[in-house]
Amino acid sequence: MLLIYCPYCEEERSELEFRHGGDAHIARPTNIADVTDEAFEEYFFLRDNPKGLIFERWRHIHGCGRFFNAARDTVSDKFYLTYKAGEPKPVIPGVSPATEKTVETYEATEGTAK
Amino acid sequence: MRKYSVFAVAREAMRGHKGWEAQWTSPEPRKEYDVIIVGGGGHGLGAAYYLAKEHGITNVAVIEKGWLGGGNTGRNTTIIRSNYLYDESMDIYEHSLKLWEGLSQDLNYNVMYSPRGVMMLSHNVHDKQSFSRHIHANRLYGIDNEWLTPQQAKDFVPVLDISASARYPINGAALQRRGGTARHDAVAWGYARAASDRGVHVIQNCEVKGIRRGPDGAVTGVETSKGFIGAKKIAVSASGHNSVILSMADVKLPLHSVPLQALVSEPMKPIFPCVVMSNSVHAYISQSDKGELVIGAGTDQYNSYSQTGGLQIITHTLDAICELFPMFRRVKMMRQWGGITDNTPDRSAIQGVTPVKNLFVNCGWGTGGFKATPGSAHLFAHLIAKGEPHKLAAGLTLDRFRTGRLIDEAAAAAVAH
């Protein structure tokens with residue numbers, strides 16, 4: 001079982017309190033009704049499914065209830081770090097290239113809500 | 001290849017078993033093959049066998065990173081059934097079940113297919129309605145599936161607790177009598193032996209590190225740990241690692257890989273006559289011929305290639321097993337393991353062409369690939385040979401996630417993962 005650090009509660013809690021929320025930093029097109037089938041497929045279905053570093057969403061469903069993001073290794077299952085929703089995709093030294101531009105999600109707008 | 005038979009056993013018994021030959025050869029790779037299949041599990045080895053047997057294509061190599069059947073072929077609970085809901089699923093799983101029925105004879109290899117029956121327990125009104133829908137759909141399609149009352153279910157599986165005070169009360173069950181189990185390793189070995197006999201190269205301990213493409217975009221071969229190997233066609237069937245392999249050709253798949261766990265108990269005298277699955281409380285169980293209880297658990301919620309999985313998942317399954325079958329409460333568990341399953345958003349497999357010319361993919365079998373092995377391999381061979389899907393697999397194309405023609409087995413699977 002994973003031990004997950006909730007960046008809002010600021011403590012490690014067991015995985016049982018959390019719900020995995022799929023890949024992080026995927027922006028929903030604002031004009032969803034107008035995008036092409038290819039663009040919708042890319043946004044909705046296609047995933048990198050990486051062996052190694054992954055950026056993913058978690059929700060502390062049996063705790064504070066908040067969504068946050070995590071960087072984790074999918075081979076060792078080790079967390080590099082977790083960070084609040086809306087924060088930019090972090091660079092993991094020695095692992096991730098700092099090339100991709102940060103994608104902000106809708107959570108950015110509710111990042112500081114209490 | 002020397003045929004296996006009762007006479008061969010008698011002959012070797014007289015000679016101190018010194019005459020058995022290697023089941024398959026381990027040749028050095030050629031410079032180029034007509035077809036390279038990436039992944040030496042049941043689906044890949046089977047596809048190689050059917051390519052040679054039914055399509056006359058024998059210049060084929062199966063490339064495997066580890067050892068044959070060391071991935072999900074050797075990591076599942078060996079359940080075979082075809083009681084799916086949608087036509088596309090019934091087509092392929094029933095095709096597979098029919099091949100299972102004659103597979104040992106076809107391969108001259110005892111895969112120990114045992115149609116002992118697969119029973120799915122119903123615990124509530126929703127289960128009953130859902131199973132009834134499945135039963136009717138199956139029977140209209142010519143697939144056996146029947147409804148049992150709680151007492152009939154207990155008559156079939158005497159160790160089942162159907163009492164009204166049970167933690168998970170049972171209000172009936174669906175039974176597919178032709179469903180059952182098979183010996184997982186034997187499936188990989190049997191296909192490897194039969195394919196090797198027809199000239200297919202089975203290359204183990206050879207990791208694919210890249211896919212090379214020509215100026216027209218078509219594949220030209222694979223970079224491996226044993227050097228470059230040319231190929232006119234490449235067919236990928238690498239279960240949990242399909243995304244990793246296809247990313248080498250810049251093809252993104254609608255997959256996420258998660259661990260699925262199973263475990264076996266200490267061996268016991270025969271006590272459990274069939275396969276029992278419970279969707280609502282998530283447990284499935286059968287007894288192997290060796291006597292071990294084979295128990296399947298659920299998937300972890302997060303992407304992982306770790307081949308382990310969380311302890312709370314199997315704890316939950318064992319809790320349910322102990323409630324359904326109180327007599328197993330003191331049984332010791334011997335081994336536990338995880339396999340990496342590649343899951344699609346609609347929980348149906350993908351088998352078809354990719355945007356890259358001469359690159360084919362067989363993926364997304366998720367948590368249910370073992371039962372599909374012969375059928376999937378047979379239809380995959382057709383796809384590779386002809387360049388277009390067999391009519392039974394026509395709905396499983398990769399582009400359904402663009403066109404929207406999904407096969408929504410997610411809500412209809414036997415066990416919700």
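These are my notebook entries on two parts of this structure, which is a predicted model.

**Entry 1: the domains of chain B**

I began by looking up how chain B is divided. I found domain 1, made of 30-109 + 183-254 + 346-412, and domain 2, made of 118-179 + 257-343. Taken over C-alpha atoms, the centres of these two domains of chain B are 27 Å apart.

Next I asked myself how many residues of domain 1 of chain B are in contact with domain 2 of chain B. I noted 24 residues on the domain 1 side, in contact with 27 residues of domain 2. I then looked for the elements that supply at least two residues each to the domain 1 side, and listed strand 3 (79-80), helix 3 (87-107) and helix 7 (242-247) of chain B. Helix 3 of chain B gives the largest share, with three residues. I also sorted that side of domain 1 by class: 14 residues are polar, six are nonpolar and four are charged.

**Entry 2: a sheet in chain A**

I turned to chain A and found an open sheet of four strands in the order 3-4-5-6, with antiparallel pairing. Which strands stand at the edges? They are strand 3 (19-23) and strand 6 (79-84) of chain A; each has a single partner strand, so one side of each has no neighbour in the sheet. On average, neighbouring strands here are turned by 30° against each other, direction ignored.

Last, I looked at one pair in this chain. Strand 4 (residues 53-59) and strand 5 (residues 67-73) of chain A pair in the antiparallel sense over seven bridges. I noted A:Ile54 standing opposite A:Arg72, which is in strand 5 of chain A.

Methods:
Residues are numbered from 1 along each chain as its sequence is written. Chains are lettered from A and ligands numbered from 1 in the order in which they are written. This is a predicted model: local features need pLDDT of at least 70, side-chain atom pairs count only at pLDDT 80 or more; totals for chains, interfaces and linings use all residues. Domain bounds come from an automatic or database domain assignment. Two residues are in contact if their C-beta atoms, placed from the backbone, lie within 7 Å. Ala, Val, Leu, Ile, Met, Phe, Trp, Tyr, Cys and Pro count as nonpolar, Asp, Glu, Lys and Arg as charged, and the others, Gly among them, as polar. Two strands pair if DSSP finds at least two bridges between them. Axes are lines fitted to C-alpha atoms, for helices over the stretch in contact, and angles run from 0 to 180 degrees between N-to-C directions.
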